Amino acid sequence: MIWNPAKECMSRDEMHALQSKRLQKLVNYVYHNTPFYRNKMQAMDISPEDIKSIDDIVKLPFTTKQDLRDNYPYGLQAAPSSEIVRVHASSGTTGNPTIVGYTRKDLAVWSEVMARALTSFGVTRDDTFSVSYGYGLFTGGLGAHYGVENLGATVIPTSTGNTEKHIRLIRDLKISGIACTPSYALYLAETLEKMGISKDDINLRIGAFGAEPWTENMRKEIEQRLGLKGYNLYGLSEIVGPGVSYECSEQNGSHVNEDHYYPEIIDPDTLEQLPYGTTGELVFTTLTKEGMPLLRYRTKDLCTLYDEECACGRKSVRMGRIVGRSDDMLIIRGINVFPSQVESVILEMNEFEPQYLLVVERKGNLDTLQVQVEVRKDFFSDDIGRMLAMKKRLADKLKSVLSIAADIKLMEPNSIARSEGKSKRVIDNRMLK
Amino acid sequence: MIIKQLSIFLENRSGRINEVAKIMSQNDINMRAFSMAETSDFGILRLIVSNTDKAEEVLRAANFAVMLTDVVCVECPNVSGALAQVLDRLTEQGVFIEYMYAFAEGPVANVIIRPTDVNLCEQILAE
């Protein structure tokens with residue numbers, strides 16, 4: 001099924017014309033409402049009149065996460081605060097979260113693109129759908145929630161936590177669809193088995209999985225253990241949240257809602273736009289956003305775009321799986337973690353050497369983060385209680401900065417390998433299998 | 001008698017205690033007693049050695065996190081009930097013991113006590 005055939009199946013020429021018209025309008029809008037973009041464009045000696053078609057997008061400035069941080073909290077907001085009806089925030093690297101304000105129209109567009117995604121996964125008005133992303137500042141919960149409501153299915157706002165109760169609801173309410181992170185889906189399967197409930201006792205048939213990278217092997221495992229079909233749902237809070245792109249029945253890449261979020265692939269070093277079929281850094285321009293519209297936002301996600309027609313009937317551009325990052329960000333249980341966040345905490349504490357190593361593992365079905373730190377010789381104590389208290393202080397500080405718990409391992413001085421130039425700060429053992 | 005104990009921070013890693021033992025051996029330092037306190041990821045090795053200052057120096061040179069801790073060494077007969085007598089006196093005076101360990105040589109047993117108040121503990125036991 002296709003939610004909005006007029007847009008999702010629009011011919012390439014019509015889409016080009018629509019995107020061109022929308023880009024012109026957007027550039028005009030940000031030029032007159034966001035000093036940040038006006039200054040950037042003036043410095044580059046371009047004016048809104050220079051943008052005549054979507055192909056002129058290459059003339060426009062990029063936006064980075066750092067720009068959002070530097071202009072915290074509302075520097076990139078274009079709409080007046082009276083028009084903003086909701087704010088979401090994503091985790092920040094060194095204290096400043098990214099604040100994204102939505103107008104009423106932004107929320108309507110978000111519900112529209114989420115309904116397209118869910119319809120593409122096969123969700124209908126007859127489904128009972130559990131939204132198991134976190135509700136709150138994170139875009140996952142509320143974003144998926146309003147998409148399900150817009151589509152007309154019954155939404156069960158389970159959020160995260162209390163997995164056993166969730167499973168009872170899945171069984172008793174005959175929940176047929178679920179949106180969550182793929183690692184939570186695996187945890188759900190594990191808990192199901194522990195409770196002695198078989199996948200034949202439940203009615204789950206569709207899973208919308210996103211917010212963290214996952215593999216084909218994980219998909220097979222989730223599908224087999226929960227008895228459902230799993231689809232990729234991609235998004236990022238700076239652009240809108242979940243619903244930027246979505247898989248179809250062909251499962252050959254994720255269709256981008258490119259009438260709203262225009263995708264480009266660039267070379268992260270030269271910043272040149274690359275043709276379809278080439279792997280590079282994914283960049284989005286929010287063609288229709290009012291609250292916080294962004295020009296050429298660099299996602300740092302590495303992937304490939306394809307414009308060949310899809311057998312599902314949609315003509316929109318598809319993006320392949322995210323194959324990596326052009327920075328050192330880690331996604332752990334759906335939360336963005338930068339090594340620099342850990343570093344800033346360690347540097348604040350005299351007890352530790354400025355040497356650390358992050359080890360990320362997938363234990364059972366959950367991602368775990370271990371932080372290894374060296375104890376300074378002068379701070380070593382003969383008292384085990386004091387050493388454990390030191391460990392706990394670091395654990396608590398990290399938890400408040402990262403929003404996820406890390407296992408701390410105290411190391412002897414000089415035990416973490418030093419290297420000239422760029423030190424190895426991260427060992428990620430998750431993707432090996 | 002108040003004596004100096006070496007406390008060494010060790011990661012839980014195989015061969016680590018052996019490295020300490022080797023350094024002691026290479027420097028002709030005799031380990032008279034030791035005890036190991038451990039948690040899931042690290043441990044504290046506590047040593048009474050023949051030449052404390054030298055041991056501290058060579059361990060530091062080998063990049064160990066090491067410190068000296070004052071502990072009380074009590075000599076008592078190596079017979080049943082002797083330790084209870086010593087501890088009774090400490091308990092009566094409200095001395096709290098963080099940890100202790102012992103080593104026996106023939107008719108005599110030496111008990112190493114780390115109390116919260118080292119001086120008070122020594123005073124009580126000297127009486």
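1. Buried means under 20% relative accessible area, exposed over 50%, and partly exposed in between (1.4 Å probe, protein chains only). This is a predicted model, in which local features need pLDDT of at least 70 and side-chain atom pairs count only at pLDDT 80 or more, while totals for chains, interfaces and linings use all residues. Side-chain values use heavy atoms, with hydrogens and water left out.

2. A salt bridge here is a side-chain nitrogen of Lys or Arg within 4 Å of a carboxyl oxygen of Asp or Glu. Over all chains, 34 salt bridges are counted by this rule.

3. Lys65(A) pairs with Glu238(A) in a salt bridge, with 2.7 Å between the closest N and O atoms. Lys65(A) sits in helix H4 and Glu238(A) in the loop between strands E7 and E8 of chain A, 173 residues apart; helices (H or I, at least four residues) and strands (E, at least two) are DSSP runs, numbered from the N terminus. Lys65(A) is buried at 13% relative accessible area, and Glu238(A) is buried at 6%.

4. Glu193(A) and Arg225(A) form another salt bridge, their closest N and O atoms being 2.9 Å apart. Glu193(A) lies in helix H8 and Arg225(A) in helix H9 of chain A, so the pair ties together parts that are 32 residues apart in sequence. Glu193(A) is partly exposed, at 43% relative accessibility, whereas Arg225(A) is buried at 18%.

5. Salt bridges with shared partners join Glu216(A), Arg219(A), Glu247(A) and Arg321(A) into one network.

6. Asn28(A) is in helix H2 of chain A and is partly exposed, with 34% relative accessibility. Its C-alpha is 8.3 Å from that of Glu49(A), 21 residues away in sequence.

How values were computed: Residues numbered from 1 in each chain as written. Chains lettered and ligands numbered in written order.
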